[in-house]
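Me: I have a structure open and would like to go through it with you. Could we take it topic by topic?

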Amino acid sequence: MPSDGYDCIIIGAGPGGLQAAIHLARYNRQVLLLDQGGGRTRHALHLENYLGLEITSGKELVETGIRQIKSFGVEFRREQVSSVQSDHGFTVSTAQGRYQAPYVVVSSGASENLPPIRRLNRFFSRSIFTCVDCDGYRTTGKQLVILGRSQAAVRLAVAMKQMFTPDITLVMPAGRLPDDQAELLAEDEIKFRRGEPEEFLGDPDLTGVKLRDGREIPCQVVMLSYGYRINDAFLAGLALERVAGGQKLATDHHCETSLKNLFALGALKPGNAQAIIAAGQGAMVGIEINQRLLEL
Ligand SMILES: Cc1cc2nc3c(=O)[nH]c(=O)nc-3n(C[C@H](O)[C@H](O)[C@H](O)COP(=O)(O)OP(=O)(O)OC[C@H]3O[C@@H](n4cnc5c(N)ncnc54)[C@H](O)[C@@H]3O)c2cc1C
């Protein structure tokens with residue numbers, strides 16, 4: 001098999017890729033980890049649901065992980081992967097080089113769909129959230145506005161009412177809410193406003209959302225329901241099997257895609273996108289790849 005001597009190339013230094021790297025490196029395997037920087041985990045200001053870490057930030061988790069993989073001899077390169085090709089093993093290309101290995105782990109995560117609302121960055125991850133599993137708890141007992149465009153926002157509003165706070169206003173553009181859904185909201189005493197959000201208000205703390213028509217809706221916290229898209233453009237040449245309307249990669253119980261020896265973790269596959277879940281999948285994939293290397 002053509003190879004640069006790498007046993008495995010890992011794409012993405014989130015919790016999934018880093019944990020796969022730790023496991024493989026601790027079998028003394030030759031591992032290359034390519035990461036372009038940024039990433040979803042780095043946006044998380046507070047992670048409070050990761051066993052053993054009472055509170056940390058995504059940045060701290062990732063930076064500690066990068067130090068940890070380097071200490072076990074993983075080669076870490078700050079490069080953006082542009083393509084993966086499969087031909088008797090894999091060739092992974094970046095602007096700086098082409099790297100080969102018999103196994104590839106794709107752990108490139110996802111990117112949030114963020115609406116163009118003024119002053120979003122000021123409050124993002126502090127009082128404006130996107131993930132109920134991650135930050136729903138932070139809205140407990142607070143005045144909450146939910147912004148979205150689809151029925152997913154309605155389901156989110158009903159769920160958040162059960163779990164976190166009685167004071168919820170759902171804002172959606174006109175024409176997006178079927179009558180039966182409006183009844184559901186009314187039954188649950190969830191306020192509903194038609195409108196387009198324009199700006200987040202408050203300094204230093206969030207105090208409300210201003211709509212394009214000038215109305216202001218007071219709130220302390222906001223949940224955005226616009227979904228996310230997986231970072232998989234570099235896999236376009238591989239014709240991988242997909243699920244969830246093409247939005248996710250199909251994988252088996254080893255996180256292996258429809259292409260043998262190509263594994264996908266975290267947000268790329270169906271399931272909940274959580275740091276500890278991605279890390280668990282990374283550990284599982286690292287062990288599985290090592291088993292296969294032993295059998296070569
Ligand atoms: C605001 C916010 C708060 C969150 N809070 C929590 C929380 O409290 N608890 C929790 O469990 N989860 C939380 N999450 C979710 C969590 O961060 C991720 O879902 C989870 O860590 C998955 O990690 P991952 O390894 O799959 O990918 P990611 O962490 O997204 O990492 C992927 C990496 O791949 C890199 N990459 C992408 N494309 C390429 C390419 N072409 N070439 C090279 N590198 C590439 C990216 O730059 C990034 O470094 C939060 C997410 C956000 C956005």
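Me: To start, how far apart do the C-alpha centres of domain 1 and domain 2 lie?

Reply: The two C-alpha centres are 33 Å apart. Domain 1 covers 8-112 + 228-295 and domain 2 covers 120-225, with bounds that come from an automatic or database domain assignment. Please note that this is a predicted model, in which local features need pLDDT of at least 70, side-chain atom pairs count only at pLDDT 80 or more, and totals for chains, interfaces and linings use all residues. Residues are numbered from 1 along each chain as its sequence is written, and side-chain values use heavy atoms, with hydrogens and water left out.

Me: How many residues does each domain bring to the contact?

Reply: Domain 1 gives 10 residues and domain 2 gives nine residues, where contact means heavy atoms within 4.5 Å.

Me: And how much area do they bury between them?

Reply: About 760 Å² is buried between domain 1 and domain 2, with 43% of it on carbon and sulfur atoms. Buried area here is the accessible area (1.4 Å probe) that two parts lose on being put together, summed over both.

Me: How many salt bridges does the rule find across that interface?

Reply: The rule finds one salt bridge there. The term requires a side-chain nitrogen of Lys or Arg within 4 Å of a carboxyl oxygen of Asp or Glu.

Me: How many turn up in the whole structure?

Reply: The search finds 16 salt bridges. Among them, Glu-48 and Arg-138 meet through their side chains at 3.4 Å, N to O. Arg-42, Lys-59 and Glu-63 are linked in a network of such bridges.

Me: What does Arg-122 form a salt bridge with?

Reply: Its partner is Asp-203, and the closest N and O atoms are 2.7 Å apart. Arg-122 lies in helix H4 (residues 120-123) and Asp-203 in the loop between S13 and S14, so the pair ties together parts that are 81 residues apart in sequence. Helices (H or I, at least four residues) and strands (E, at least two) are DSSP runs, numbered from the N terminus.

Me: Is Asp-203 buried or exposed?

Reply: Asp-203 is exposed, with a relative accessible area of 58%, whereas Arg-122 is partly exposed at 39%. Buried means under 20% relative accessible area, exposed means over 50%, and partly exposed lies in between (1.4 Å probe, protein chains only).

Me: What about the peptide bond from Asp-203 to Pro-204?

Reply: That bond is cis, with omega near 5 degrees. Pro-204 sits in the loop between strand S13 (197-201) and strand S14 (208-211).

Me: Changing topic, where does Asn-28 lie?

Reply: Asn-28 is in the loop between helix H1 (15-25) and strand S2 (31-34). Although Asn-28 is not a glycine, its phi is positive, about 60 degrees. Asn-28 is also exposed, with a relative accessible area of 66%.

Me: And what is the phi of His-88?

Reply: The phi of His-88 is near 50 degrees, a positive value in a residue other than glycine. His-88 lies in the loop between strand S4 (81-86) and strand S5 (90-94), and its relative accessible area of 65% makes it exposed.

Me: Last one: in helix H8, are Glu-288 and Arg-292 buried or exposed?

Reply: Both are buried. They form a salt bridge, with the closest N and O atoms 2.8 Å apart, and in helix H8 they are four residues apart, about one turn of the helix.
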